[in-house]
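Q: I have a model open on my screen and would like to talk through a few of its contacts and surfaces. Could we start inside and work outwards?

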Amino acid sequence: MPEPTPTKRDAFGSSLGAFAATLGSAVGLGNIWKFPYLTGSNGGAAFVLTYLLAVALAALPVMVVEHAIGRHLRVDAVQAYARIVPRQRFWAVIGWAGLASSLLIMAFYTDVAGWVLAYVFKSLGAFVSGAPLTSATFQTLVGGTWEPVLWQLAVLTVTVGVVASGVSGGIEKVTKTLMPLLLLLLLACDVRALTLPGASAGVAYLFTPDLSKLSSAVLLSALGLAFFKLSLGMGTMTTYGSYLPDDTRLVPNAARVALADTLVSLLAGLAIFPAVFALGDTPAGGPGLLFVTIPRVFAQMPGGELFTALFFVLAAVATLGAMVSLMEVPVAWLIRSARLRRPTAALLTALFMAVLGIPATLSQGPALSHLRVLGRDVFSLFDFLSSNVLLPLGGLAITVVGGWLVPRAVLRDEMSKGHGEPAWYDVGVHVLVRYVTPVLILLILLHSLGLLGGT
């Protein structure tokens, strides 16, 4: 079994900082943008229930294994999976697939993040002028050529600044500040939405499941969202695991992150669906729910322009932590493999992301909307390949490695490090990793490919 790497390496300064940074990676547009629109498109509470099960039975065990492998070897994701199983370096494919996933996700994520940043300023302008944001505002932004690209480059510039500052001085410091601010802004939006007449219908939509809405497509979407939102299977949690302090208990830390991330998603749902139902709009707004439905809903409230601006500031705050964690995967690899300084590695990653991401941005407008691969535009292709293919497959491979190929003592020691004997939950997670999680992921993937019956 490979021994940990005895080299100097940047790290989180405390368990609290590690929790904040890991949560900052998990909380992002997946909570504020993707969770609400997938919930609205997949029947509401039935999707939420499926998502919660996917987090508990699949996502949480994979996060623990990623953290354990990362902390044990203290290297980037590609090298970690190349070394974790002796004489079987081909498992490095997990790290390479994770690296590819993070790049594909950033390619379309920076596009949406650019929309969010643009809407911070557009909503503030609307608040000052009193002119409401409309669906035409969004279509003009998305369908443009230079404007969305410039906002995308602005997002990359801000992210580079944080990542280049280091793990403890940049990532940890920023996320410890952003997470409390995010919670306060969400609560403010929730209070406003829940006090609207008729808001109870939105609450019921979010929390009262209709099991007839379940299908294999809903199951796959829930699993893909769980992996996407918790940054699993893309190398992020393995990389962040390599920065974790030795006294951090992996299972409780991962459970706190998963619970807090789920809470943020539900709070985002409470800010959106009660308002949508109260004002007679539709929850199945798709990806445009955040940018079209929300401004229209808030515009009908007293002080709506202020709450619209507040909501997009909130979305921008959520975006930054996730952007930072996505960029950290290739940056950590470049620092190790090419022996680059961190600022140089961050800048090169951003330049590559601009080359990959600009076509995804332009595919939403007339410039490249005609380009189709597998029946999808570039933006949708990157989203599908990462969320519904690479991330679940990466998670499946991680459970095989962590549950069956890595000696049990390694995972046991990492989970209980500095705290004596393994706790009951350490044993429970290991059982899930070996017997439950891989079967669940495999069955859902086979359903999605049409290789198993059912709908």
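This is a predicted model: local features need pLDDT of at least 70, side-chain atom pairs count only at pLDDT 80 or more; totals for chains, interfaces and linings use all residues.

Q: Which residues touch the most other members of the largest nonpolar core?
A: Those are Trp33, Phe291 and Phe311, in a core that counts 135 residues.

Q: And Ser265, is that buried or exposed?
A: Ser265, which lies in helix 12 (residues 250–278), has a relative accessible area of 0%, so it is buried.

Q: What does Ser265 touch?
A: Not counting residues up to four places away in sequence, Ser265 touches Asn31, Phe35 and Lys229.

Q: Changing topic, how many salt bridges are there?
A: The count comes to 8 salt bridges. One of them joins the side chains of Lys34 and Asp383, at 2.8 Å from N to O, and this pair links distant parts of the chain, with Lys34 in helix 2 (residues 29–41) and Asp383 in helix 16, 349 residues apart.

Q: Are Lys34 and Asp383 buried or exposed?
A: Both Lys34 and Asp383 are buried.

Q: What about Arg342, which side chain does it meet in a salt bridge?
A: The side chain of Arg342 meets that of Glu328, at 2.9 Å from N to O. Here Arg342 belongs to helix 15 (residues 342–362) and Glu328 to helix 14 (residues 304–337), 14 residues apart.

Q: Why do Arg342 and Glu328 count as buried?
A: Buried means under 20% relative accessible area; Arg342 counts as buried because its value is 13%, and Glu328 because its value is 0%.

Q: And the Asp413 and Arg412 salt bridge, what is the distance there?
A: The side chains of Asp413 and Arg412 meet at 3.5 Å, N to O. Asp413 is partly exposed, with a relative accessible area of 42%, and Arg412 is also partly exposed, at 38% relative accessibility.

Q: Out to the surface, then: which residues form the nonpolar patch?
A: The patch is formed by Leu49, Leu53, Leu57, Leu211, Leu214, Val400, Trp404, Leu405, Val427, Val431, Tyr435 and Val436, which together have about 990 Å² of accessible area. Helix 3 (45–73), helix 16 (378–405) and helix 18 (424–448) are the elements that give two or more residues to it.

Q: Which helix gives the most?
A: Helix 18 does, with 4 residues.

Q: And where is Leu49?
A: Leu49 is placed in helix 3, and its relative accessibility of 36% makes it partly exposed.

Conventions. Residues are numbered from 1 along each chain as its sequence is written. Side-chain values use heavy atoms; hydrogens and water are left out. Patches are made of residues with over 30% relative accessible area and no salt bridge: like charges are joined within 9 Å, nonpolar side chains (Val, Leu, Ile, Met, Phe, Trp, Tyr) within 5 Å. Accessible areas come from the Shrake-Rupley method with a 1.4 Å probe; for residues, only the protein chains shown count as cover. A salt bridge is a side-chain nitrogen of Lys or Arg within 4 Å of a carboxyl oxygen of Asp or Glu. Buried means under 20% relative accessible area, exposed over 50%, partly exposed in between (1.4 Å probe, protein chains only). A nonpolar core is a set of buried Ala, Val, Leu, Ile, Met, Phe, Trp, Tyr and Cys residues joined through side-chain atoms within 4.5 Å. Contact means heavy atoms within 4.5 Å.
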